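The following exercises are to be worked with the sequence and the model at hand. Each task is followed by a solution in steps.

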Amino acid sequence: SSEDQGFYCLAFHPEFGQAGSPNRDYVYITYKWKPAGGNGAEAYWRISRFTVVQQAGKPVASPASEQILIQQYDRQQWHDSGCMMFGPDGRLYAGATRTRQIVAYDPAGGAPQVVAEDLPSNDLAVSVKGDIYVTDTASKKVWLIPKGGKRRTVDEGIESPKGVLFS
């Protein structure tokens, strides 16, 4: 990969490592992908699910197990959102910067659901209540999307806000 390319974020399924769970070996990765034989400028933002296997006694996300969940063409190839996090409803939330959307993906299947539009994101966090906090570096804001409510600014004027985390 080059410039702002490659691996962005990793999230473990909430049931990762739980004996008996069909999701016990799943890890989700968001990254930039360039097709082989392309023109060199083509790039896609992906969220994929991988199965973790033991290889030489160490856990490894098996490339052969990749299931692409979301793939979006990226015109600019820079500053994509790498943010994703599981919410209390079991869905995987992610910010798709190029389409300016926050999406939720149900690991059981189906198409991603758009949760918010016209919102570029750098990072996000989902609270135990299902509220979503999003950093937006372009507007220097932190947004709150309350569960079932209208989004609002919770802070602004932060130079290049990146990262949001609950402790």
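**Exercise 1: A hairpin and its turn**

Task: Describe the hairpin of E3 and E4, and identify the turn residue with a positive phi.

Solution. Step 1: strands E3 and E4 form a hairpin with 2 residues between them, and Ala 56 in the turn has a positive phi of about 55°. Strands here are DSSP runs (E, at least two residues; helices are H or I, at least four), numbered from the N terminus.

Step 1: the model is a predicted one, in which local features need pLDDT of at least 70 and side-chain atom pairs count only at pLDDT 80 or more, while totals for chains, interfaces and linings use all residues. Residues are numbered from 1 along each chain as its sequence is written, and side-chain values use heavy atoms, with hydrogens and water left out.

Step 2: E3 covers residues 44-55 and E4 residues 58-61; 4 bridges join them in an antiparallel manner. Two strands pair if DSSP finds at least two bridges between them. Within this pairing, Gln 54 stands opposite Pro 59.

**Exercise 2: The chain as a whole**

Task: State how many helices and strands the chain has, and what percentage of its residues is buried.

Solution. Step 1: the chain has 0 helices and 13 strands. Step 2: of its 167 residues, 41% are buried, where buried means under 20% relative accessible area, exposed means over 50%, and partly exposed lies in between (1.4 Å probe, protein chains only). Step 3: the accessible surface is about 9,200 Å², and carbon and sulfur atoms account for 50% of that surface; the areas come from the Shrake-Rupley method with a 1.4 Å probe, and for residues only the protein chains shown count as cover.

**Exercise 3: An open sheet from E10 to E13**

Task: In what order do the strands of the sheet that contains E10 lie, and which are the edge strands?

Solution. Step 1: the order is E10-E11-E12-E13 in an open sheet of 4 strands with antiparallel pairing. Step 2: the edge strands are E10 and E13 (152-156), each of which pairs on one side only.

Step 1: E10 (residues 123-126) is joined to E11 by 4 bridges. Asp 123 has Thr 135 as its bridge partner, and Leu 124 stands opposite Val 134. The hairpin of E10 and E11 has 5 residues between the strands, and Gly 130 takes a positive phi near 95° there.

Step 2: E11 is joined to E12 (residues 141-145) by 5 bridges, with Lys 141 as the bridge partner of Asp 136. In this hairpin, which has 4 residues between the strands, Lys 140 takes a positive phi near 60°.

Step 3: E11 (residues 132-136) is mostly covered, as 4 of its 5 residues are buried.

Step 4: leaving aside neighbours within four places in sequence, the contacts of Asp 123 (heavy atoms within 4.5 Å) include Cys 83, Tyr 133 and Gly 163.

**Exercise 4: Salt bridges**

Solution. Step 1: a salt bridge is a side-chain nitrogen of Lys or Arg within 4 Å of a carboxyl oxygen of Asp or Glu. By this rule there are 5 salt bridges.

Step 1: in the pair of Glu 66 and Arg 46, the closest N and O atoms are 3.5 Å apart. Glu 66 lies in the loop between E4 and E5 (67-73) and Arg 46 in E3, so the pair ties together parts that are 20 residues apart in sequence. Glu 66 is partly exposed, with a relative accessible area of 28%, whereas Arg 46 is buried at 6%.

Step 2: Lys 140 and Glu 159 meet at 3.0 Å, N to O. Lys 140 is partly exposed, with a relative accessible area of 32%, and Glu 159 is exposed at 59%.
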